[in-house]
Amino acid sequence: MAKDTHKHPFLRVIIVLIVLVGIAFFAEQYYRFRVCNFVSRDGEEHGFYMRPGRSVDSLIAIIEQDYEIQSHLDWRLHVAYMHFTEAKVGYYRLPARIGDKQLIRNFQKGYQSPVRLSFTNQIRNREQLAGRMGEALLLDSAAIMARLDSVDYLRQFGLNRTTAVCLFIPNTYEVYWTISPDDLFARMNKEYKAFWTEERLTKAKAKGLTPVQVATLASIVESETHNAAEHPQIASLYLNRLRKGMPLQACPTVIFANGDFSLRRVLKRHLALDSPYNTYKYAGLPPGPIRCAYGRTMDTVLNAPKTDYLYMCANPDWSGTHIFSSTYGQHAATARAYRQELNKRHIK
């Protein structure tokens, strides 16, 4: 015959305690599982890369550098409950406080966060571009280079090997770290088309230029100086030369043709190089950009002011500015003074 618990207060207390412990246990489990078990040490969110070949344990060890696990026991129980044995490769951002379920589910299902892909006009050729993509993303730079070298692949974008860099307008883009090479090119093509609005296309046509030629001229303008305030005058000067059929005689194109970007002074031996990028030998624009040009500089070309400038020379006062001239006589005097300053400073 069962004992009457009303006659045994001690037994009743034990039962109540067991129930309370059970409730506390399940409340704790619920909280750690669904609400919070990982707390950022600095109160900020953090990002983590799950790289190929990395184990779940090694990933958690890295996460623990920035997050404190409130209950290791609960974490192990939840890992077993959700069969968390493998995390998908990718980049993940975690909030300052996160429960085990959300954390595990993110890595199990591959719910990635985008990374910020940034590149500047310091990228001068296909090799540098492929290298930058390989550094920033989980991509083989060789796979990018193969596409930048493929005439057939680039044809779908209306580009070729010498104009391929036009597709990559320097900016900051959000993409997934695991993006495929083809998806990356598709994304850049989408951005390229978004930039080339009907208004910009109309302006380019009015100047007798294609989008590629605008990018090419913008790349020359950017290479002439870091002083953006002078970009409109430089763009106007080169547009004037193009209209008159004069060689551009742009030193940056000669430097590009020689492949030595450390050159500080272009000499006769550099000018003698037979290359379509040598704008001292060949009139018109070179066959493609000499760097990835910013969208704002392409806009500068499209909106260049009307001037009568045909010549420019670095200012002999070494201020980093240029002196613009409409006649060769004016230019020759400035160029002579600048050469004398170069010699004085022993710049070869």
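**View 1. Charges of the protein chain.** Lys and Arg count as positive here, Asp and Glu as negative, while His and the chain ends are left out. Each charge is placed at NZ of Lys, CZ of Arg, CG of Asp or CD of Glu. The protein chain holds 45 positive and 32 negative charges, and their mean positions lie 5 Å apart. This is a predicted model: local features need pLDDT of at least 70, side-chain atom pairs need pLDDT 80 or more, and totals for chains, interfaces and linings use all residues. Residues are numbered from 1 along each chain as its sequence is written, and side-chain values use heavy atoms, without hydrogens and water.

**View 2. Overall dimensions of the protein chain.** Along the principal axes, the C-alpha atoms fill a box of roughly 120 × 45 × 35 Å. The radius of gyration (over C-alpha atoms) is 31 Å, whereas a compact globule of 348 residues would have one near 20 Å. That globule rule is 2.2 Å times the number of residues to the power 0.38.

**View 3. Isoleucine 60 in its helix.** Isoleucine 60 sits in helix α2, residues 56-63. Helices are DSSP runs of H or I with at least four residues, numbered from the N terminus. Isoleucine 60 counts as buried because its relative accessibility is 6%; buried means under 20% relative accessible area (1.4 Å probe, protein chains only).

**View 4. Neighbours of isoleucine 60.** Leaving aside residues up to four places away in sequence, isoleucine 60 touches Ile69, Trp75 and Leu103. Contact means heavy atoms within 4.5 Å. Phenylalanine 48 is twelve residues away along the chain, and its C-alpha atom is 9.9 Å from that of isoleucine 60.

Technical notes
Helix = DSSP H or I, 4+ residues; strand = E, 2+ residues; numbered from the N terminus. Buried < 20%, exposed > 50% of the residue type's maximum accessible area, 1.4 Å probe, protein only.
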